[in-house]
Amino acid sequence: MARIVVLGAGFAGLWAALGAARKRDEIGAPAADVEILVVDRNPYHNIRVRNYEVDISDAAIPLVELLDPAGVDHRVAEVREIDPVKQHVSVTTNGGSEVIGYDRLVLALGSQLVRPAIPGLMTNGFDVDTYAAAVRLDTHFAGLGEQAASEGLATVVIVGAGFTGIEVATEMPGKLEKAGIAGNRRVILVDPNPIVGETIGEQARPIVSEALAALGVETRLNVTVTSVDASSVTLSSGEMIPARTVVWCAGMRASPVAQTIAVERDRLGRLHVDHFMRVAGATNIFAAGDVASCVADGEHCTVMSCQFARPMGRFAGNNVVADLLGQPMLPLHIDWYVTVLDLGTWGALHTVGWDRQLYTSGAPAKATKQVINRQRIYPPRNGVRADILAAAAPTVQKPPPVARR
C-alpha cells in the first residue's frame with residue numbers, strides 16, 4: 001500500500017486531504033491501495049479566522065465528521081520533524097514518540113504567532129491564534145464577568161495593529177458586553193508603527209480609524225510593550241496601563257516543522273513551492289497554506305490567509321495523488337485578491353487588488369464578511385461523501401459577491 005501523509009488539518013491540510021481523496025476516486029484507485037492519513041494535534045478543523053468573534057461555538061468541526069465519509073484516516077499527534085531522506089515523520093502522541101512513513105507528503109501545518117521574550121508575556125498574555133487559545137480567552141472573560149468592578153478589570157490591551165489586531169479590537173466591545181464585565185470598559189490598541197493598519201492601504205486606513213473612533217477604541221502608537229503582569233502592561237513610553245487582559249496579535253511565522261527540511265525558505269519561514277505545490281529542493285514533498293509561498297498569478301506571492309490556503313490545499317491534494325500514480329498534475333493560478341476586514345458592530349472594510357483599493361465599507365462589507373466567515377469557507381457538513389469530495393475539486397472560487405452602496 002502507498003501512503004500519502006497530510007500534516008495539518010487547517011484550511012490547507014483539510015482540503016489537501018479531501019482533494020487527494022477526490023483524485024483517488026477519480027482515478028479509480030482503491031482506498032486499500034492508496035492510504036491518505038491526516039496528522040494534526042487536534043481532532044477538529046478550526047475555522048481559524050473566526051477565533052476573534054464574540055461567538056466561537058461553531059469554529060471547531062470534528063474531523064470525524066469531515067474525513068470519515070471521504071475515506072481519509074486521521075490521527076491526533078504533535079508533528080516534530082520530517083526526514084526527507086528516510087521519508088518519515090516523527091510525531092509525539094499520548095503513547096510516546098512514533099515514526100510515520102510516507103510515499104508522498106503534504107506539509108500544511110500553517111503558521112503560528114510569534115511571541116517575543118517580553119517579561120510576563122508568556123504567563124499573562126492571551127491570543128486568538130488557535131481555537132484553544134480563543135476558548136481560554138473567553139473563559140478568562142467569563143471569570144472577570146463574575147467579579148466586582150476594580151482597576152483594570154474592564155481594560156483590554158491588544159498588541160499589534162495589523163489585520164488580526166484590528167479585528168480583535170473592534171470585536172472586543174461585544175466580547176466584554178457578552179461577558180458582563182463591570183466597570184469602565186476600555187479597549188486599547190498598541191503598535192510600534194506610527195499608524196494603524198500600516199499595510200492595509202491608504203484608502204482603507206481612514207475607514208479603520210473611523211470605525212475605531214466610533215467604537216471607542218484607544219490607540220498607543222510608536223511604542224512597544226516592555227513588560228506584562230497579571231494586572232498591568234508597561235509600554236516603552238513609560239506609561240503603565242492597569243489591565244487584566246492583554247491579547248497578543250503581533251507577528252506570524254510558518255510552522256517550525258518547516259525548518260527541519262534542508263531547503264530554502266522566505267523571511268517568514270515559508271517553503272517555496274512551484275505552481276503544482278511541490279517543495280523546491282525536496283523529493284516527494286508538497287506544501288500548501290501558510291507554511292508555503294507560491295507565486296499565485298505570475299507576479300505576486302501568496303499571503304498567509306485562508307483565501308490562498310484553501311485553493312493551495314485543493315491543488316496540493318489533487319497533485320500529490322496524480323504524482324504518486326503517474327498522472328498529469330494541475331497548475332494553480334489565482335488571478336484575484338481581496339481583503340475583507342471585520343470592524344465589529346461598525347461594519348467591515350472590503351478592498352480589491354494587491355494595491356488594496358477601497359471597494360466598499362460599512363454594512364455592505366459586513367454582509368460580505370459574514371458570508372465568508374459563516375458560509376464560504378465551511379466544508380459541507382451533511383456527511384454526504386459526494387458533496388464533500390465535490391467541494392474539494394481543484395478549482396479557484398470566484399471573488400465573494402457584494403452589494404455595493
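Predicted model: local features only at pLDDT ≥ 70, side-chain atom pairs only at ≥ 80, totals over all residues.
The largest nonpolar core comprises 80 residues. Within this core, the residues with the most contacts are L7, V39, I82, L107 and M277. Helix α7, which covers residues 306-324, supplies the largest share of the core, with 10 residues. For I82, when residues up to four places away in sequence are not counted, the residues touched are L7, H88, V89, Y102, L105, L107, V257, T260, I261 and I285. Two of these partners, L7 and L107, are also listed with I82 among the residues with the most contacts inside the core.

Helix α1 spans residues 11-27. At 1.5 Å a residue, its 17 residues should span 24 Å, and the C-alpha atoms at its ends are 24 Å apart, which agrees with that expectation. Of the 17 residues of α1, 13 are buried, so the helix is largely enclosed by the rest of the structure. The residue that follows α1 is G28, which has a positive phi, near 90°.

T130 lies in the loop between β11 (125-126) and α4 (131-145). Apart from neighbours within four places in sequence, T130 is in contact with N46 and N51. The C-alpha atoms of T130 and R48 are separated by 6.6 Å, although the two residues are 82 residues apart along the chain.

How values were computed:
Residues numbered from 1 in each chain as written. Heavy atoms only, no water. Core = buried A, V, L, I, M, F, W, Y, C linked by side-chain atoms within 4.5 Å. Buried < 20%, exposed > 50% of the residue type's maximum accessible area, 1.4 Å probe, protein only. Helix = DSSP H or I, 4+ residues; strand = E, 2+ residues; numbered from the N terminus. Contact = heavy atoms within 4.5 Å. Expected span 1.5 Å × (residues − 1).
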